[in-house]
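Please read the report below alongside the sequence and the 3D view.

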Amino acid sequence: MSDGVQTTPSNESDAPRVALKAFDELWFQVGGTLCNLSCNHCFISCHPLNDTFGFLDLATVKRYLEESATLGVKEYYFTGGEPFLNREMTAILRETLRYGPATVLTNATVFREASVRELRAVSDSSRYSLEIRVSIDGYSPETNDPIRGQGTFDGAMRGVRMLVEVGFLPIITTTQTWPDDKSEDVFKNFVETLKNAGYERPRLKILPTLYLGMEETRSRPYSDTERVTPEMMVDYDESLLLCSRGRIVTDRGVAVCPILIEAPDALLGQSLGEATDPFAIGHGACSTCYQYGAICSNSNSLRTRGQPGRILTRPPES
Amino acid sequence: MPPSVKKIALFGGVYSNHHALSAALAASREYGVDATYCLGDLGAFGPHPDLVYPLLRTNGVEVVSGNYDDSLARDLADCQCGYTDPRDNYFARLSYEYTVRNTSEANKRFLRTLPNAIRLRLGGHRVLLSHGSPRRQNEFLWESTTPDHFLEKLCDDFEADVIAVTHTGLKWQRHLPSGRLVVNVGVLGRPENDGTTRVWFTIVEARGVGNGTDAVHVDFVPVHYDHRTLADEMRQEGLPAEFIETIETGWWTTCLEVLPHKERARGKL
């Protein structure tokens, strides 16, 4: 799917509605849809010229942080696009860490040694954890670069080395583009690669494929049958769904979740307080979230379903 | 009416470590506490789970249900620890299966009687004791990922001036801007991932500050116990070498993947 358009629910009136039970996670589309890379599986088709969504500035983030404190938000996430293209990113993290723990999702290709040292100083200045999640979609240039672009593997690994050298333990995030029976091999190769780069305690988060944005062209779109039905919600733990415990701030207002920002029904209000109504999970991508649970969050403290969406350090049966 | 006390001992996560429990109970008596509470997870990790129960009974310890206790009580398939890593879940399963096999039916019946929370008055303060958090039994409240305003909301929502929890295995305390207090009391079952073999319990006391008011004071108390004998018992029971290593070295070898950055960076592995 191209920029700005997204599949509408096949039958919105039948879609189950998920209530925001606890406002635990606040996401920021801080990098908009602008990215220095043009990955061919990006679910919101970010690239260097995609300004469908713009940067968030520090003043805007501050305003939402202040409101979040009144709602008891537990953790903060920053995504894009590439967040570190936003020149205020470090200042935004410094401000956020006054409120609570922060996680930033980056491709790690735009780091400089001085900026990473500054990030470490920002992290050290807070009682709260700063997590850095680095997207790499293969354990070698041969497996990564066809997805993320020529030279991106080496660029990202340079960034990982810089992070590790100053004491971060980045969470390497990879989208599963391989068959399930190859997962163990992929995992072992990833760990070996990261250890060879000096990362002795690698953390790896495997994400499921989302058939949106560029990925629709690369593989396929969601079919009309890939929807969550009311029957599927019987005895289902809704807290596995991000829409039951969080929202995302974009430069257009507050939307339901990071995956659906382009969907016509995703924008829920201009303030956090306005964006707390239940959401009808009628999108194809909702079926992926349903299946795997907590695919966007760092971890799921409740329970897990399926393989992707979890932070791994070793193959399951080691 | 909840019971009214001035000084209490709190501990969590016994994890079948009956040696540490004995030592902690003896130490808490020295503090002259009015009551002693366990915040749950009697079994797991260690040997001979049934040895914990008579110690709790004879010392009059009141117990809040932990996720492990709930799983044993309801005969669930897993411990509901909330781990997200397959290796952590692999070891959690070994530990859970051992504990299920070695916990008597009478003790499982006892676990079915445990409350999810206990309320009491500590001086002029409303105290709420729970396992993970007041809102969810297996929620991890880590020091570095739990904001002040989130804790203030918990205190508001659950009408408490002091909230005490465990579940993470790492102790901490936070005096909130409102003057209320949240304390994670740590665990007796395994050391704190700090390279020492000691474990911890917590004394919470309401101390008068004049004008008829009092303030809540927290003391974390280290417990040095016979960890070598515990390790020997674990070996004899065929428990995983990784668990024994933790008891003997003080470094966590499993259940690491749920740790946030700051807590994980302090550890060795």
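**Basis**

This is a predicted model, in which local features need pLDDT of at least 70 and side-chain atom pairs count only at pLDDT 80 or more, while totals for chains, interfaces and linings use all residues. Residues are numbered from 1 along each chain as its sequence is written, and chains are lettered from A and ligands numbered from 1 in the order in which they are written.

Helices (H or I, at least four residues) and strands (E, at least two) are DSSP runs, numbered from the N terminus. A residue is buried if 20 or more other C-beta atoms lie within 10 Å of its own, exposed if 12 or fewer, and partly exposed in between, with C-beta atoms placed from the backbone. Two residues are in contact if their C-beta atoms, placed from the backbone, lie within 7 Å.

**Chain A overall**

Chain A has eight helices and 12 strands. Of its 318 residues, 54% are buried. Among the contacts in chain A with a separation of 6 or more, 75% are between residues 24 or more positions apart.

**The sheet in chain B**

Five strands of chain B form an open sheet in the order E4-E3-E2-E10-E11, with mixed pairing. Two strands pair if DSSP finds at least two bridges between them. Strands E4 (62–63) and E11 (213–223) of chain B are at the edges and have a single partner strand each, so one side of each lacks a neighbour in the sheet. Strands of a sheet pair through backbone hydrogen bonds, either parallel or antiparallel.

Strand E10 (residues 199–210) of chain B pairs with E11(B) in the antiparallel sense over 11 bridges. Within this pairing, Phe201(B) has Val221(B) in E11(B) as its bridge partner. The two strands E10(B) and E11(B) make a hairpin with two residues between them, and Asn211(B) in the turn has a positive phi of about 55°. E10(B) also pairs with E2(B), in the antiparallel sense over four bridges; here Lys7(B) stands opposite Glu205(B) in E10(B).

Helix H1 (residues 18–30) of chain B lies across E2 (7–11), E3 (35–38), E10 and E11 of chain B, and runs at about 140° to E11(B). Axes are lines fitted to C-alpha atoms, for helices over the stretch in contact, and angles run from 0 to 180 degrees between N-to-C directions.

**The nonpolar core**

A nonpolar core is a set of buried Ala, Val, Leu, Ile, Met, Phe, Trp, Tyr and Cys residues joined through C-beta atoms within 7 Å. The largest one has 167 residues, and Leu10(B), Ala164(B) and Leu188(B) have the most contacts inside it. Helix H5 (residues 152–165) of chain A gives the largest share of this core, six residues. Beyond its neighbours within four places in sequence, Leu188(B) has contacts that include Phe11(B), Leu21(B), Ala24(B), Phe201(B) and Val223(B).

In helix H6 (residues 148–157) of chain B, the buried residues include Phe150(B), Leu151(B), Lys153(B), Leu154(B) and Cys155(B). Their cover includes strands E7 (162–165), E8 (172–175) and E9 (181–184) of chain B.

**A helix pair in chain A**

Helix H1 (residues 58–71) and helix H2 (residues 89–96) of chain A pack at an angle of about 15°, with their axes 10 Å apart. H1(A) is therefore roughly parallel to H2(A), a term for angles under 35 degrees. The contact involves Leu58(A), Val61(A), Lys62(A) and Leu65(A) of H1(A) and Ala91(A), Ile92(A), Glu95(A) and Thr96(A) of H2(A).

**Loops and backbone angles**

A cis peptide bond, with omega about 15°, joins Gly80(A) and Gly81(A). Gly81(A) is in the loop between strand E3 (75–79) and H2 of chain A.

| Residue | Phi |
|---|---|
| Tyr15(B) | near 50° |
| Asp75(B) | near 55° |
| Glu159(B) | near 50° |

Tyr15(B) is in the loop between E2 and H1 of chain B and is buried, because 28 other C-beta atoms lie within 10 Å. Asp75(B), in the loop between helix H3 (67–73) and helix H4 (86–102) of chain B, counts as exposed because it has 8 C-beta neighbours inside 10 Å.

Notes:
Angles under 35 degrees count as roughly parallel, over 145 as roughly antiparallel, 65 to 115 as roughly perpendicular and the rest as oblique.
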